[in-house]
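Have the sequence and the 3D view ready.

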Amino acid sequence: MSRNVMLDCSNVWKLYGPQADAFLTAHNGAPSDADLAKAKMIGAVRGADVQIQDGEIFVIMGLSGSGKSTLVRCLSRLVEPSAGAINFEGQDLLTISEADLIEIRRKKMGMVFQHFALLPHLTVLQNVAFPLDVQGVDRTTREARAHEMIETVGLKGREDYYPRQLSGGQQQRVGIARSLVTEPDLWFLDEPFSALDPLIRREMQDEFLRLQSMLKKTIVFITHDFDEAIRLADRIAVMKDGRIEQTATPEELMTNPATPYVAEFTRHVNRSKVVKLRSIAQPVDPDATYAGDLPARMTVAEAMEQIDAAADPFKVVEADGTVIGAVDAPAAISVMIGRTAK
Ligand SMILES: Nc1ncnc2c1ncn2[C@@H]1O[C@H](COP(=O)(O)OP(=O)(O)OP(=O)(O)O)[C@@H](O)[C@H]1O
């Protein structure tokens with residue numbers, strides 16, 4: 001499926017240290033690790049190329065300090081890159097006026113952070129409506145929109161609660177509703193679930209995928225957790241020491257890791273948790289009977305129980321309703337036991 005590029009960032013650098021810009025120029029825009037170390041510069045982001053496509057979940061994965069947050073902040077220019085080009089929907093983000101930039105951030109970009117800073121003295125409804133209040137939207141409209149978003153994230157009935165009366169997961173849902181209320185085209189999420197305990201975290205990941213299947217946003221999601229990355233991503237960029245080691249689908253990362261570093265992450269991952277039904281779908285037989293439909297982006301592991309319990313194969317269906325093929329138990333089992341290389 002070919003998609004438009006919404007956000008195009010090429011050769012972006014962010015150095016921290018004295019006269020970083022001059023230092024970059026002096027090293028022809030591409031200082032080596034040794035150059036950086038000698039000058040005591042921190043290469044937070046080094047030569048990053050990222051193309052975010054319409055409607056995809058693009059995950060930036062890397063360990064602490066690898067540069068994920070800095071890169072994402074460069075993408076919205078919350079951090080000023082030392083060098084590079086950033087284009088959003090055809091506009092050069094590095095040269096547009098401050099006023100246009102603020103307008104883009106407010107109306108076209110949504111952000112959710114790990115520490116999501118709900119306003120403690122405002123109710124759930126007021127917190128969610130807050131960005132619209134800032135935009136000067138009238139009260140009736142903003143509250144109607146906030147109610148809608150609160151229902152979308154599953155918090156209907158809690159509109160009049162204060163943040164302190166909610167669990168961590170519920171608070172994060174409020175943060176999500178608040179960031180979605182302005183209907184952003186591009187949604188940045190910086191480790192949104194990492195403060196949550198593992199069970200709630202998984203629940204929030206499911207919730208996030210459910211939301212995305214409804215809303216179809218373009219998403220940049222940061223995590224340091226490879227399991228989270230492969231669960232959520234259409235594509236993953238793996239970062240190390242400010243560089244992107246590889247950008248690929250979870251399945252490509254598993255089957256074709258570009259570097260030993262990437263291979264290390266994939267080594268312990270069960271293939272059935274990564275391989276999607278889409279990848280093993282076989283042609284539909286018009287004369288056969290099918291047990292039902294399964295989503296194309298479901299993994300073999302997630303679908304296994306259902307496939308195994310049914311007497312007939314399942315059709316595999318994309319989010320837009322297109323049937324792309326069928327899966328049966330032998331095909332799924334082959335992946336479970338690591339037999340297919342596809
Ligand atoms: N304002 C700053 N001044 C100096 N160094 C900085 C600054 N911001 C980030 N860095 C450095 O840049 C590098 C990348 O940091 P960044 O926060 O982007 O990493 P990260 O992958 O998001 O890490 P984490 O998962 O811990 O948030 C780190 O070495 C960090 O210390």
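A crossover is right-handed if, with the strands pointing away from the viewer, the path from the first strand over the helix to the second runs clockwise. Keep in mind that this is a predicted model.

Q: What makes S7, helix H8 and S8 a unit with a hand?
A: Strand S7, helix H8 (residues 198-215) and strand S8 form a β-α-β unit, and that unit is right-handed. By the rule, a right-handed path over the helix runs clockwise when the strands point away from you.

Q: How do you know that S7 and S8 are paired?
A: Pairing takes at least two bridges. S7 and S8 (residues 218-223) are joined by 5 bridges and run parallel, so they count as paired. Within this pair, Leu189 stands opposite Phe221.

Q: What pairs with S7 in the parallel sense besides S8?
A: Strand S6 (residues 109-113) does, over 5 bridges. Here Val112 has Leu189 as its bridge partner.

Q: Why is strand S7 called largely enclosed?
A: A residue is buried if 20 or more other C-beta atoms lie within 10 Å of its own. In S7 (residues 186-190), 5 of the 5 residues are buried, so the rest of the structure largely encloses this strand. Leu186, Phe188 and Asp190 point one way, Trp187 and Leu189 the other way, and all are buried.

Q: Which element gives the most to the shell around the ligand?
A: Helix H3 does, with 3 residues. By class, the shell has 3 nonpolar, 8 polar and 1 charged residues.

Key. Residues numbered from 1 in each chain as written. Predicted model: local features only at pLDDT ≥ 70, side-chain atom pairs only at ≥ 80, totals over all residues. Buried ≥ 20, exposed ≤ 12 C-beta atoms within 10 Å, placed from the backbone. Helix = DSSP H or I, 4+ residues; strand = E, 2+ residues; numbered from the N terminus. Nonpolar A, V, L, I, M, F, W, Y, C, P; charged D, E, K, R; others polar.
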